[in-house]
Each structure stands twice: as C-alpha cells, then as structure tokens.
Amino acid sequence: MARGLDLVGDRWTLLVVRELLSLGPSRYADLQRGLPGIATNLLANRLREMEAAGLVSRTELPRPVNATVFALTERGAALEGVVREFVKWGAPLMSPPGPEEAFRAHWLLIPLRALCRDNTPNAPAQVVRVGSADDGCDIAVGTGVVEVTASSPSTMVDATVDGDPGALVALFTGQIPVSAADAAGMIAGDIDAVRRVIGGMPAQMPPPAGATS
C-alpha cells in the first residue's frame with residue numbers, strides 16, 4: 001500500500017487518472033480544463049512523474065493535428081477500480097458546491113457507469129446526454145447494455161439532461177423523480193429516454209451528505 005501511494009498518493013494524481021479514464025487520450029489543455037485550480041507547472045510535473053512511473057504515455061501527433069496527447073498505459077488504466085471505489089467511498093461527502101468549488105459535467109462519467117441501467121431493453125437503442133457536447137457524458141442504451149462515454153458533438157442524442165451539480169446528482173441517484181427534473185427545465189427531448197436510464201443509487205454506494213433515504 002505504501003509503495004502504491006508513493007506513485008498515486010500525491011495531490012492531483014488520481015484526478016489526472018480520472019480525467020484520462022473519462023476523456024481518453026487528451027491534450028495538455030484538455031486536462032487543465034478538467035482540473036480547475038491546478039497550477040500549470042504542477043500539472044506538468046505530475047504528468048512527468050506519471051510517465052516515469054509507467055502510468056501515462058505521451059504521443060506526439062503529426063501535422064495537421066501537431067499536438068502532444070497523454071493517455072493511460074495498461075498499468076495506469078488498471079487504476080479504474082481504485083478510482084471507482086474511491087468515488088463510492090466519497091459519495092457521503094457530496095453536498096451542494098460552495099461558491100469557489102468548480103464542477104464539470106464529464107466528472108459524472110464514472111459514477112454514471114454504476115448508476116445507469118437499461119430499464120426497457122426491448123426498445124430501440126437510445127442516447128441520453130448529460131451536460132453538453134463540449135462537456136458532458138453520453139449514455140447509450142440498447143438490448144440491456146449501458147455504455148457511458150465522454151460526449152461528442154457528432155453523436156445524435158434523444159434527450160439532454162443539464163442543470164446544477166446537486167440537481168444532476170439528485171436525479172441520477174433517485175432522490176428526485178424524472179418528472180420533477182422535467183418541470184424544472186432540466187430535460188430537453190424524449191423524457192422517456194431519460195426514465196429508461198435512471199437506475200437509482202446502488203446498494204453499495206451510500207447517499208450524499210444531507211440526502212434523505
């Protein structure tokens with residue numbers, strides 16, 4: 001445990017892993033946008049340390065892209081279970097964000113993989129977007145299979161769900177009904193597509209602080 005923490009226990013390291021698990025191979029600027037508050041030199045140092053530890057690889061893309069892209073190695077991707085369990089463990093600490101706390105919709109990607117399900121597996125495949133095409137998650141459901149990926153502008157969606165962080169968490173953990181989210185203007189498109197993917201809080205994931213059971 002101590003040796004593992006030597007590699008991933010520093011501040012921001014597991015958050016960098018979370019970003020790469022959520023977004024896939026990313027440019028430096030993409031990572032910086034997803035980690036508000038991190039200093040430029042600190043992110044550069046963390047990436048160098050993670051690359052030296054074999055957790056991250058760096059690829060120079062040729063023209064016309066002409067960019068440096070960071071991706072998790074197989075060893076780095078193996079931390080997904082650690083991140084997922086830490087998300088569950090930290091769920092009771094969730095509360096409405098303070099004025100200085102940031103939120104990115106794509107941060108919900110890993111929790112949504114545990115929370116969402118296909119409630120109507122015999123229906124045609126559908127896609128529900130949480131957030132926006134620039135910052136969000138696309139929940140694709142069909143034949144009982146749920147796949148949650150970072151949102152893409154090229155993906156056609158049946159419904160979009162957006163709102164403040166607390167409301168999004170409350171909706172997908174079953175604390176407020178879909179009808180209430182719709183009445184609050186959080187849903188655009190096919191409301192039944194949203195009902196289809198709402199699975200509620202898994203038994204192993206405790207509710208956020210202040211939530212009623």
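Two strands are said to pair if DSSP finds at least two bridges between them, and helices (H or I, at least four residues) and strands (E, at least two) are DSSP runs numbered from the N terminus. This is a predicted model, in which local features need pLDDT of at least 70 and side-chain atom pairs count only at pLDDT 80 or more, whereas totals for chains, interfaces and linings use all residues. Residues are numbered from 1 along each chain as its sequence is written, and side-chain values use heavy atoms, with hydrogens and water left out.

In these terms the secondary structure of the chain comes to ten helices and eight strands. With the radius of gyration taken over C-alpha atoms, and the globule rule being 2.2 Å times the number of residues to the power 0.38, the chain has a radius of 18 Å, close to the 17 Å that the rule gives for 213 residues, so it is as compact as a globular protein of that length. Along the principal axes, the C-alpha atoms fill a box of roughly 50 × 45 × 35 Å. If contact means heavy atoms within 4.5 Å, then residues 24 or more positions apart account for 61% of the contacts in the chain with a separation of 6 or more.

Strand β3 (residues 67–72) is mostly covered, since five of its six residues are buried. Two bridges join β3 to strand β1 (residues 26–27), and six bridges join β3 to strand β2 (residues 56–61). Phe70 of β3 is the bridge partner of Ser26 and also that of Arg58, while Val69 in β3 stands opposite Thr59. In the hairpin of β2 and β3, five residues lie between the strands, and Asn66 takes a positive phi near 50°. The loop between β2 and β3 also holds Pro64, which a cis peptide bond joins to Arg63, with omega at about 5°.

The other sheet is open as well, and its five strands have the order β6-β5-β4-β7-β8, with mixed pairing. Its edge strands are β6 (145–150) and β8 (187–189), each of which pairs on one side only, and neighbouring strands are turned by 20° against each other on average, direction ignored. Three bridges join strand β7 (residues 159–161) to β8, and these two strands run antiparallel; within this pair, Thr160 stands opposite Ala188 in β8. Helix α8 lies across β4 (126–131), β5 (136–142) and β7, running at about 120° to β7.

How many residues does the largest nonpolar core have? A nonpolar core is a set of buried Ala, Val, Leu, Ile, Met, Phe, Trp, Tyr and Cys residues joined through side-chain atoms within 4.5 Å, and the largest has 45 residues, with Leu112, Ile139, Val161, Leu171, Phe172, Met186 and Val194 making the most contacts inside it. Helix α8 (residues 165–172) gives the most to this core, with five residues. In helix α6 (residues 80–90), Val83, Lys88 and Gly90 are buried, and what covers the buried residues of α6 includes α2 (13–23) and α7 (109–115).

Two loop residues complete the picture. Trp12, in the loop between α1 (2–8) and α2, has a phi near 85°, a positive value in a residue other than glycine, and at 10% relative accessibility Trp12 counts as buried. Thr143, in the loop between β5 and β6, likewise has a positive phi, near 50°, but at 67% relative accessibility Thr143 counts as exposed.

Conventions
Buried means under 20% relative accessible area, exposed over 50%, partly exposed in between (1.4 Å probe, protein chains only). Axes are lines fitted to C-alpha atoms, for helices over the stretch in contact, and angles run from 0 to 180 degrees between N-to-C directions.
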